[in-house]
Structure formats: C-alpha cells, structure tokens
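The structure is shown first, and the points follow by topic.

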Amino acid sequence: MTPASIVHGRPAASRQAGGSQGGGFRYVVRAEWIKFRSVRGWVIGMIVAALLTLLLGVFLAGNANIGCGATLSGRACLPKIPIGADGEAVTDTFYFVRQPLAGNGSLTVRVTSLATRISAGGQAGPVGQGPRNPLANMYKGTVPWAKAGIIITASTRQGSAYAAIMVTGSHGVRMQYDYVHDAAGLAGEISSAAPRWLRLTRNGDVISGYDSADGKHWDLVGTATLAGLPGTVQAGPFATSPIYNELQPFFGGEHIQGGPSQATAVMDDITRHGHWLASKWTGDNIGGHGNSPGTGVGYFRQSRGAVTVSGSGNIAPLVPGPGSFYPTATIERPLSVIFIGLIAVVVVAAMFVTAEYRRGLIRVTFAATPNRGRVLAAKAVVVASAAFVAGLVASVITVPIGISRARNQGQFVLPVPLLTEVRVLLGTAALVAVAAILAVAVGAILRRSAAAVTTVIVLIVLPFLLSVAVLPTAAADWVLRLTPAAGLAIEQSIPNYPQVGSVAGPAGGAYPLTPWAGFGVLCLYAVVALALAAVLLRRRDA
Amino acid sequence: MEPTIEVAGLRKRFGSAVALDGMSFTVQPGQVTGFVGPNGAGKSTTMRVILGLDAPDEGRALVCGRRYASLPQPMRYLGSMLDAGALQPSRSARNHLRWLACSQGLPASRVTEVIQQAGLQDVARRKAGGFSLGMRQRLGIAGAMLGDPEILMLDEPFNGLDPEGIVWMRGFLRSLARHGRAVLVSSHLMSELEDTADHLVVVGRGKVVADTSVAALLAAAAGGRVTLRTAAVPEAVTVLDLAGTTITPSGPDTLTISGLPAERVVTLLSENAVPFSEVSAQRVTLEQAYLELTRDVVEFRAEPAQEVAQ
C-alpha cells in the first residue's frame, strides 16, 4: 500500500449534502443493527433465550401424570367441563329445588339460616381419587363463598344461562349471573334474628334481583340481561358450597389446606307470581353425574311452608389453582419459565451497551453520532426487536405444544377467547422486549456489565421468584404490584374473579394487577430508566 | 468552508486536576500539525473536546466553523482515531467499518474501498480482537477515512508501530496534507514528528507552550550557533570578543560562538592568523529544539507519565 493510496485526490467537500438529519435515525438504527448481529455471542444469546424458554416450558407442561380409575390415565381422564355463555369453563354444581316458570313472573323467599360444614378429608383430590364419601368427617366452619338463595336458569343443563340472588358465607347478599358477573347487596351474616328476603323477577330477557332486611323495603341489587332466555325457565331455591381452602404457615412459607364443603340453608315465606307450571318442588343435584367431589350429597326437605336445601359445589367460572374441582391448566402455564429466557435477554441487552464502555468503543459511536439520545433510542429499538422476535418464537411454539401435552395427560386446559390467547402470545414477546429496553437503559446508566445485569435481574426476575416461591401471598402481591415483575401479569389468561376466592397466587398464575396494568408498571420502569439514561448520557463526558 | 479546527480558551478540570488551562490553537488545511507535549499535557482531552465527547468548562472548539456535534454525519467532515483499541473484539474488521459507514449514510462500497486502501483485505473478515496494534492502527485509520473527510485527527498514531509502519504513517500523513487536508497528529515524542509535521503546537500543563512552524522553531533553537575547534583558544577568544560575539567554552579545545555566522568566524580567524581545525554551524534536532523550548516549563516533566482523565 502506498502512503497516498487511501486518499483519492482532493477531498470532496461538496459531497456533504448526502443524508439529511431526518434520515439520520434510520441510519443509526441500521448501524446499531449491524453492531448487534455482527457479534455472534449476542445473537446466540437471543436464540438461547428462546430455546431455553421453549424446552423448559414444554418439559414443564409435560410433568403431570393424571390417572382416573384403575386403568385409565391421560387423555381418557379429561373431565367434561361445562362452558359458560362467553366460552369460559365454568363450575356448575349445586342442589336445585325447582319449578318451571312460563313467561314473566317473580319468586320471593326469606332465608333464615345458612350453615356450612367443611370436610376434614384433606385437600381437594383429583378426579377419581376422591374418597367414597367426600363429605365424611365434617366440621362446622364458615365457607366465605358458600351460596344459598334463588336462581332462574334456562335449563338444568350445566353451563346454562342463569341469574341468581343469594346469601353467602361471609360476603353478604350477592346478585350473580352467567358465572362471571357479581354484584353486592346487603352486607352481614344472616341468622334467624337477621334474616334476608330475596326476590328475582323475570321480565323478558331481563332478570332483576332485590334484597330486603325486613320484607317491606326492597333494594335492587342488580339486573341481568340473558339474551335468548327461553319462554319457560326453571326457578327455585338452591344451595352450593365450594371447596374450602385455607392458607396456613408452613416452614416459613405457606401451605394450602382444605376440602369440599356443604351449605345448608332454610328458606320460608316463599311467594310466587306469574304462571308457574307445577304445584310441587322437584329436587336435583345439578352436575351430579360427574366425578365432582360432593356429588349427590345435596337434598331438600319441606315442612310447614319452609324449605331446607343443602348442596355442595359452585356456580362460578373455573379458575386455575387449588380452588378448582378439576386438574386444570392455563394456556400460559408452560410460559412460566419465561424468566429464564429473560435472564439471557437481559444479559445480551445490557452488554449491547456496556461492552462499548468497556472497550472505549462508546467514544467511536458518539463521535459518529453525537446525538446520544438517538444512539440510546437506536440501541433500544434494535435489542427490543431482537428480544421481541425471540419471545414471540418461544411463546408461539411453546403454548400450542404445552396445551397439547397437558391435554394428553388428562389436564383440562381452560379455554380463553382468541383475543386473550393473542394477547398472551404477543404480550410475552412484548414483555421480553420491554425488559430488554430496561436493560439497555440500565446499562447506559451504570456503564458496567455486571452491575447492569445484576440490577435488572434484581428488578425483574428476583421479585418474581420470591413471589412465587418464598414470600407470603400478601407480600408477594405487593411485590408484583410495585416491581417491574408486575409485567409478567401480561401472561395471565384467566382473570381474577373476586367472587371465586381462589387462593392461587402468582405461582398459580394469578397476579394482583390486571394484565395491562401490570405490563404498564414494567413499561413505566423502562420509560423512567430510558429518560434517566438519556439525561445522564447528555450530561456525562463520554 | 475552510477545513480547520479552531480551539479557543478551553478550560477543564477533572476533580482537582486541571486538564485544560486555556488551550487555544488553530489547525490549518494543507499541513500536518503536530500536537506535542508530555503525557498528561491535555492532548487527548483537547481532542475529546473537539469531538464533543467531553464538555469543556470554558471555551469552545469549532470544526469547519461549527461545533462538531452540530455537523450532520460529522465523519464526512472530520475523521478521527482516538484509540486504536476501541473495538468490539469479536466483531470483524469489515463489520466494524460497516456500522461506521452506515451511521454516516455511506454506501457499503466505501467500506470495501478503505479496506483495500488500508491493506486489510486479507484480515477484514477476522475478529478485530486478534489484530496486532499495527493492524488496529490501520483499521482505525480506515475508519477515520471512511467519510473521505477534509480534516483528520489522530491521537498517538505512531504508538506501537514498527519502523516500517512509522515510515508508512509519515508518508500517509504527508500525502493527506499535500492534498489540502488539515491533519492534527498528537504525539508525546517529538522525534516521531521529525520530517512529518509542518507546524507544531507544543503543549504542557493544559495550555499551549509554543505554536510555530517547524522551520522557525529549528532556526530559533539553533540561534546561529557555531562550533569552533582550535588549539589556540586564548587567541581565538581575543579576536572574536572584539567582534562582539558571545563565547562559551564547550570543551578543552572547543568553543560555542553565537552572534556571527560561520563564514564570518572563518574570515575573522584567518585574517588574524588564528589556527583552527573546525568551524561548523550547529545543527539542531527537533527533539533538542523541543527540549530547549520546554526548558522553562520543566515542572511538568516531574509529573507521573499518565494521561489525565482516563
């Protein structure tokens, strides 16, 4: 090489016109993209993140083994689970004392007592493993969501549209309809000294529920519009009581104890208006043909105008966790290992910034692009895109395989609307992407790989692990509200229903914040960190 | 738009250490400007301020009359190499140049050109982490030349070069200047800039000690001194003293005379029949001239040989 060969003639001063400021950001993003993909370790890191999540997720989805009966296991044990009006899986098991009602009408009762008994038989057993008499060895106790009252249903088929008004173990009077809807009425426990009057009226598709403490002054608790309700409906008193769960301290952690329960209520002062087709009440164990614990234990008695009705079960959406009657799985369960992939992504994203500081390359970068905020934004865009793809590949492959494996093992996968499934899949990818942005920002703030990686893991992964494995539920809920780990809520496909009283914590896939609120908390952290990084980059000497 | 670097009144402190203490100079096109001073004199800090990497407490640095950071795609105006080791070790030389080119909106063909021109074509796809210092310097130069800029600014480009590399670097820098570019080259060893620099900015303790052309510096440092070797020292002193010169004995039979050119010394001695064996005008190396120049600011030589603010 001759000394002059690198120079060709006079420098072309006039050539400077190329590339306006407007096109600048595109160039910077492309430059950062070349930087990213030209370091093999970083690309491999992203692939490893996706693979780890995928393999561990599929493995996790496959570690349950369910048997039913002597010879059956796996898919043959899949329970037949009723589906509610919106396509959600529901529990629909109760004792129903009914008469057909043609057209509009109303039913009024006075509830004078609600007594609940809890099985000491231990935890809710999986299908087929329950004791012969699951409600043997019972003791008196309060079941918060034991329910007794009156109900109007489209039919006695499980999963039918319904509206009901009821007294509960410790949540006062409630008006509930179509499994997921719940409204509160009069508070307080009932007794013979403090009875409650309940009324349901049907007017076309609209059913209104009222309550009263004295039988004279009535309050509207709620109205339900049940589209397509048939002309003749089934109506009458009912009682049911869910599996009782209790969190107990256990070796510094928590342990869930409980079992099936039974509610027995006494109602009198029964008044019917409208065209009732029968003169006698008929009693039915709704859902009494399955394997549900408590099956067939319901009954009713009549004496001097009073009805005693006793039942076990629940009328509610089916949720994951120990409150469930069945071995259920959520679509996102195999993605619960996403935190392992997150660690790999966070390492790569932080290094994408800190490696430049370590080598002094950051000065070359800032000499090429003096607008440092633009460099930060470009790095965030590039790493977030790579992380999003890794997260999407992992979730889109893991979830279907996980669902299929869970079914083959006899687990019922709780169905969710298509949009929810899309939100879980894309949300997982977005979660990984935003975590990567947070890592880029923290990397720019701290400028050291080890410190940045540790900080982001302490911010996101550690709170999640502590919440799942170590902390008591109340503390875990606060951790998952306040730390960036709240973002993992984006994966929750089955909402938290307060009226179900599930004790499933984050380990069971129930987060304290709604999916988007939790994701918003993570985004907030990322935005604040980016803003701080931008200010520091501008102020500091490179 | 003149391709110049103007540095005016830069001051900067790092904690209690004063890095720049009123640094001012201008780099003109068409010549190589040597930026010389001991380690810690503020050369690298000044260069970082010129590139907008460090913010000065006072003063300003302009490239082509504007702040570097305000130039769109600045590497098209000023190419720089501050540290040849500033590389991601696992990234290939070619990819290093590709992202740089991309950030300036330059086509990939320009990368191929500078790789060819820097003689890196055989190693362009290898990881830069395995490069020798000389190869890294070439890669750094290639990066600086990507935008075909009119101003080149190189920090210690001779560091770690073998003798052949030093010769190459000198020729390269000279050719840049010959083509009308402005070249600023820092060094802590004046000897490296011998036969390279046209102009010198000598700095110490964060400010300019001398800002002069190399020719003027050499002439001033030599000061018209003549060495006289003679067996008849007393006679020679008598004759030359009458002519009003300053005479300093520099050996048992040698004198250093200043104030008269060598030819006049020969004429005077011959006219007065004073025998002598040698009369010669003293030659000064750039190194000697530099030492002469910095004799007054020797304090900084006692400082530890470390760059401030690394």
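**A sheet in chain B**

In β12(B), Ser258(B) is the bridge partner of Thr246(B). This pair comes from a predicted model. The strands β11(B) and β12(B) run antiparallel and are joined by 5 bridges.

Strand pair
- Strand β12 of chain B covers residues 254–258.
- A hairpin of 2 residues leads from β11(B) to β12(B).

Sheet layout
- The sheet is open and has 4 strands, in the order β11-β12-β10-β13 (chain B).
- Its pairing is antiparallel.
- At the edges lie β11 (246–251) and β13 (278–281) of chain B, each of which pairs on one side only.
- On average, neighbouring strands of this sheet are turned by 25° against each other, direction ignored.

Packing helix
- Helix α8 of chain B, residues 262–271, packs on the sheet.
- Helix α8 of chain B touches β10 (226–229), β12 and β13 of chain B.
- The direction of this helix makes about 160° with that of β13(B).

Exposure of an edge strand
- How many of the 6 residues of β11(B) are buried?
- The number buried is 0, so β11(B) lies largely in the open.
- The cut-off behind this count is 20 or more other C-beta atoms within 10 Å of a residue's own.

How values were computed: Residues are numbered from 1 along each chain as its sequence is written. Chains are lettered from A and ligands numbered from 1 in the order in which they are written. This is a predicted model: local features need pLDDT of at least 70, side-chain atom pairs count only at pLDDT 80 or more; totals for chains, interfaces and linings use all residues. Two strands pair if DSSP finds at least two bridges between them. Axes are lines fitted to C-alpha atoms, for helices over the stretch in contact, and angles run from 0 to 180 degrees between N-to-C directions. Two residues are in contact if their C-beta atoms, placed from the backbone, lie within 7 Å. A residue is buried if 20 or more other C-beta atoms lie within 10 Å of its own, exposed if 12 or fewer, and partly exposed in between; C-beta atoms are placed from the backbone.
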